[in-house]
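Biologist: I would like to go through this model one feature at a time. Please put the structure up first.

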Amino acid sequence: MEQPKGVDWTVIILTCQYKDSVQVFQRELEVRQKREQIPAGTLLLAVEDPEKRVGSGGATLNALLVAAEHLSARAGFTVVTSDVLHSAWILILHMGRDFPFDDCGRAFTCLPVENPEAPVEALVCNLDCLLDIMTYRLGPGSPPGVWVCSTDMLLSVPANPGISWDSFRGARVIALPGSPAYAQNHGVYLTDPQVSGVVFFSVETAERLLATHVSPPLDACTYLGLDSGARPVQLSLFFDILHCMAENVTREDFLVGRPPELGQGDADVAGYLQSARAQLWRELRDQPLTMAYVSSGSYSYMTSSASEFLLSLTLPGAPGAQIVHSQVEEQQLLAAGSSVVSCLLEGPVQLGPGSVLQHCHLQGPIHIGAGCLVTGLDTAHSKALHGRELRDLVLQGHHTRLHGSPGHAFTLVGRLDSWEGAGTYLNVPWSEFFKRTGVRAWDLWDPETLPAEYCLPSARLFPVLHPSRELGPQDLLWMLDHQEDGGEALRAWRASWRLSWEQLQPCLDRAATLASRRDLFFRQALHKARHVLEARQDLSLRPLIWAAVREGCPGPLLATLDQVAAGAGDPGVAARALACVADVLGCMAEGRGGLRSGPAANPEWMRPFSYLECGDLAAGVEALAQERDKWLSRPALLVRAARHYEGAGQILIRQAVMSAQHFVSTEQVELPGPGQWVVAECPARVDFSGGWSDTPPLAYELGGAVLGLAVRVDGRRPIGARARRIPEPELWLAVGPRQDEMTVKIVCRCLADLRDYCQPHAPGALLKAAFICAGIVHVHSELQLSEQLLRTFGGGFELHTWSELPHGSGLGTSSILAGTALAALQRAAGRVVGTEALIHAVLHLEQVLTTGGGWQDQVGGLMPGIKVGRSRAQLPLKVEVEEVTVPEGFVQKLNDHLLLVYTGKTRLARNLLQDVLRSWYARLPAVVQNAHSLVRQTEECAEGFRQGSLPLLGQCLTSYWEQKKLMAPGCEPLTVRRMMDVLAPHVHGQSLAGAGGGGFLYLLTKEPQQKEALEAVLAKTEGLGNYSIHLVEVDTQGLSLKLLGTEASTCCPFP
């Protein structure tokens, strides 16, 4: 089922218990908004609880007040008004209590999860999963109101939980299967085993709750009450606010009740709470409370049990380790069932089953055995782990701030240790720990503490400051062994300032912790980028690029891409690295500064381009980077710089494709007499499958396969060229729509007249490039043009080319025209070129011309009949052609069922080509998958021809068009879509020729000889423009070359 539209939140509030964490978590929300996880217009607020123990109910009331206050101010009110709630969707997320296994709480605990569809690459925290669930699963369909969600649980909710909101009012709890033991103490215990951490309040109920903020003693739950000197009150969301709305609850029972989280207190506290409950009863009792049970979901509270936490982060039955956003040099050392998240592991780092590594940069040899959690360690701490095996331990590095000074501290506990009572430390009883280490109870607790009260959270175990040196893991790891150093480690430990876990929590520097995690994430990401490029992996780096740009650190990524490009051993890797630089620059422009496609010939960039043209890759990349630094100041410059990086990539593509010259050879034959015409004629081509896979760099990085047909249009071979030698040492060029009608005439008398051969739109550029690629003219020679021509040929040449097809037809005109021009020229110069050599020569010519393009057009038009062209994923680029054998009589049957419809729309493939190459270099998953499908379907299409099955070929055509649209979005004009819809009932299949965007539409009709019938169908359809239908038949001749009689040349026939 399709994922429902997400909730467009009006406000998202994250509550937290520490004042110094507000700005930290506010930034985290804003980062997620930049990543497009949160709608751009959503108001984001991180809100401090008025008191540390205000309770989930008090935190909810305070957050609701803050949201209403901000919305009131935004609406222009000068006082808080509940009217702003009527059109608001508000999400309140509670951070909850401290968590032993993550300094930033359960909300920011990283999970071993990657989202391959995320536009921005990032670690996935529990908060991210809950945001996704609330936005796309639980929230959709709900009316305006207030959602409240705890962040202390791991939720799983199906895509469509089936919650009905018809005639809803009051409050609703969302219940899921889970542990009733937790619900009795923390959530709402409904019916075994249903628990909830998610609540929705209708606008009416939210207004009632908001109204209590002005009434004592509930005003003490808010920052306004605190600022007014009110005595704090602890209020539970479930056992106070929701409980008073539940059925079968009497006022007397409700008033004397006490939530489990409050514990046992004095009578004064109970009386104060009773007064608060009485106020809630008055406001909320008449509001209905309902439950929505999501039976296929799950709820798992994140307890303080290390064993349970490790189990939630690992897959015990998994065949291998989970490696998420991490770079691991020796993956074979990671045991099945282990998990590595956001780590750099260099050298031999062994990880046992059921163990988890997070946010670590380690250098082996290191051996972490089974049942361990290790987080927050850097390379400087690796040495402390050398030569030691950890097992069933939790070792964490912490960023601290003591009296304003930043520092590091470390904690070490056992996997089996209890955080909620007396018991063990490092998995052994306290008595055994004391005996093994020499530590005494008075080292850890005050003298009046009884042995029965010894507990881990209050034990002053963890050094935070040493008088003479920096601390490291070794300051705790010594406790694992019997002392053999004369007590030196114990004395150093005692000499340190130590804190308990409870004392350490307010000293944790959460801003530094999150910054450190972000830094490590990008460090491993740079390793990933380098590896993906150098190993030629089909992984997209665009989400990583967006992450670097949106979090303000594109510099290191640009430097890494420069290094990869400069050191690349082949042009494909270097070109992709440069394309990634262009992507970074484009992302930095953030959609401003103009279109990505555009000119790339600014004189300032010619110096780096010249290095690349000469093959000096390292110097070229360095010069590109130097020039790039001048273009970073504003979006328009960034976009222009991106275009020039793509231009640099085109130089490298051109050099790679030039390798096709290896397969171009000529044979000397008798030189035709002066004035004797050599005429080359060709059919057009129709592509039936695989187009785009022949386009460099796909042709040599993926490997291409295209099935094409040589075709005559209305009985004619529409493309041709003729050449002859003339006595004048000049080049006479002519281009026209027909052999007997030349509309563009050019005379080249000197080399300067040929200089624009590489500018595709210059008059006669293709013909000029043909002379250069045929070796008739050397444009960079010191000899004048006339000297070159006279010395080798005793005179000049006249070359005419023509095409009876409209510009941008999609039938391969320009490439086939290049082939005919080269064939005619070479023969006029006394050489013969084989057809396969000519295919490669056209590849070379189109790179010289700078139009780029693949090989399918010349294969389709120069080679006869039905055939498959293929190129392997390697350089030098070589194209091989296989004729497809069809059943007897099938060619005539095909001719009777194949029609061309000229749509009246033309579009240059080059505009589409730039977008496709950009998507390919970005390795967008949909494009990579589609490219493989194109190649695979070519073989299926060939089988359809061998069977002679028109319906099967029609299916191939239809899916081929869908593939083309996926490859180049925007290639289907609305009028063409309308035309295809009208024709659909009459055809087996249809597709626009070539890259699409216009030109010819080819049809495989269900009935034979349907030209007149379809003309009648289209004539009845309005708004189709200037279309025409043409007969088409398979050409079995391909390129034809003939010498005509001698004609005397006139003295420069061109004006």
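Biologist: Which strands does helix 10 lie across, and at about what angle does it run to strand 15?

Modeller: This is a predicted model, in which local features need pLDDT of at least 70 and side-chain atom pairs count only at pLDDT 80 or more, while totals for chains, interfaces and linings use all residues. Residues are numbered from 1 along each chain as its sequence is written, and side-chain values use heavy atoms, with hydrogens and water left out. Helices (H or I, at least four residues) and strands (E, at least two) are DSSP runs numbered from the N terminus, contact means heavy atoms within 4.5 Å, and angles run from 0 to 180 degrees between N-to-C directions of lines fitted to C-alpha atoms, for helices over the stretch in contact. Helix 10 (residues 306-313) lies across strand 10, strand 12 (339-341), strand 15 (356-358), strand 18 (373-375) and strand 20, and its angle to strand 15 is about 80 degrees.

Biologist: Which strands stand at the edges of the six-stranded open sheet?

Modeller: The order in this sheet is 10-12-15-18-20-21, with mixed pairing; two strands pair if DSSP finds at least two bridges between them.

Biologist: What is the bridge partner of Arg401 in strand 21?

Modeller: Strand 20 (residues 393-402) and strand 21 run antiparallel and are joined by ten bridges. The partner of Arg401 in strand 21 is Pro406.

Biologist: Is His403 buried or exposed?

Modeller: His403 is in the loop between strand 20 and strand 21, and has a positive phi of about 50 degrees although it is not a glycine. Most residues other than glycine have a negative phi. Buried means under 20% relative accessible area, exposed over 50% and partly exposed in between, with a 1.4 Å probe and protein chains only. At a relative accessible area of 77%, His403 is exposed.

Biologist: What is the relative accessible area of Ser167?

Modeller: Ser167 lies in the loop between strand 5 (153-156) and strand 6 (171-177). This residue is not a glycine, but has a positive phi of about 55 degrees. Ser167 is exposed, and its relative accessible area is 78%.

Biologist: Which helix packs on the three-stranded open sheet?

Modeller: This sheet has the order 11-13-16 with parallel pairing, and its edge strands are strand 11 (327-328) and strand 16 (361-363). Three bridges join strand 13 (residues 344-346) to strand 16, and Glu346 stands opposite Gln363. Touching strand 11, strand 13 and strand 16, and making about 60 degrees with the direction of strand 13, is helix 17 (residues 510-534).

Biologist: Why do the buried residues of helix 35 lie on the same side, and what arc do they cover?

Modeller: The buried residues of helix 35 (residues 1011-1019) are Lys1011, Leu1014, Val1017 and Leu1018. On the other side of helix 35, Glu1012 and Ala1019 are exposed.

Biologist: What kind of aromatic pair do Phe688 and Phe945 form?

Modeller: Rings of Phe, Tyr and Trp (its six-membered ring) pair if their centres lie within 6.5 Å, with planes under 30 degrees apart counted as stacked, over 60 as edge-to-face and the rest as tilted. Phe688 lies in strand 28 and Phe945 in helix 32 (residues 925-947), so the pair ties together parts that are 257 residues apart in sequence. Phe688 is buried at a relative accessible area of 0%, and Phe945 is buried at 0% too. Their ring centres are 5.2 Å apart and the planes stand at 65 degrees, so the pair is edge-to-face.

Biologist: Where is Pro697, which a cis peptide bond joins to Pro696?

Modeller: Most peptide bonds are trans. The bond between Pro696 and Pro697 is cis, with omega about 5 degrees. Pro697 is in the loop between strand 28 (684-689) and helix 24 (698-703).
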